[in-house]
Amino acid sequence: MRVLKGLIDNNRRWSEEIRGRIPDFFQKLSQQQAPAYLWIGCSDSRVPANEIVGLLPGEMFVHRNVANVVVHTDLNCLSVMQYAVEVLKVEHIIVVGHYGCGGVQAALQNRRLGLIDNWLRHVQDVMLKHEALLNAIANPMDRLNKLCELNVIEQVVNVSQTTIVQEAWDRNQELAVHGWIYGLKDGLIQDLKMEVAGHKELADVYTQAMQNISKLKDLREPN
Ligand code: CO
């Protein structure tokens, strides 16, 4: 337990610092939350959701798993989405991948790591779907980063096709799904221009986003 004391001390300082600036911050927040965003990102310790986009507690609902995968039957992720959309009424769902993702790399290299290999099969599905595009990239790091981008785009499609998002659009609820990618080397987010706000948009936006990432070299993280 002694080794964790530093964390508790940090927590005391953090809480004091916020209460110093906004005395009733936690008091007010404890009554209710009204976040406008749902973040679906990777569990990677280098990609902390709120910090990257400068949001305080209460401003973003967060779901993270290895390689930011949205699986049609994952009750955990679906429950987060359902609560966020139907109860909290978030207006934006943002799928955020990151360059150099270890989960995506393991999938790409078909590495054997144990139970997680089963989870990463979903990323391998993305890889197989875009095999031609990926095979045309000679540099292994570029190929990995391209798969990181493709994975985000495909997960935005998966989010958009859930009953939760489809039904929200059916009742004209304000809800947009976005695809972003974060650079570990510069701390910057790139918008993959995969933004869907209704049934009819999905196919066109997907085609456009795919064309974009097929030609845009500057989306790649600097080596
Ligand atoms: Co990752």
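A: Start with the pairing itself: V123, V126, M127 and K129 in helix 6 meet L147, L150, N151, E154 and Q155 in helix 8. Contact here means heavy atoms within 4.5 Å. Helices are DSSP runs (H or I, at least four residues), numbered from the N terminus. This is a predicted model, in which local features need pLDDT of at least 70, side-chain atom pairs count only at pLDDT 80 or more, and totals for chains, interfaces and linings use all residues. Residues are numbered from 1 along each chain as its sequence is written, and side-chain values use heavy atoms, with hydrogens and water left out.

Now the geometry. Helix 6 covers residues 116-129, and its axis comes within 10 Å of the axis of helix 8, crossing at roughly 105°. Axes are lines fitted to C-alpha atoms, for helices over the stretch in contact, and angles run from 0 to 180 degrees between N-to-C directions. Helix 6 is therefore roughly perpendicular to helix 8 (65 to 115 degrees).

Next, the core. The largest nonpolar core has 53 residues, and L38, M81, I93, V159 and M194 touch the most other members. Helix 8 (residues 140-160) gives the most to this core, with nine residues. Such a core is a set of buried Ala, Val, Leu, Ile, Met, Phe, Trp, Tyr and Cys residues joined through side-chain atoms within 4.5 Å. Buried means under 20% relative accessible area (1.4 Å probe, protein chains only).

Conventions: Buried < 20%, exposed > 50% of the residue type's maximum accessible area, 1.4 Å probe, protein only. Helix = DSSP H or I, 4+ residues; strand = E, 2+ residues; numbered from the N terminus. Parallel < 35°, antiparallel > 145°, perpendicular 65-115°, else oblique.
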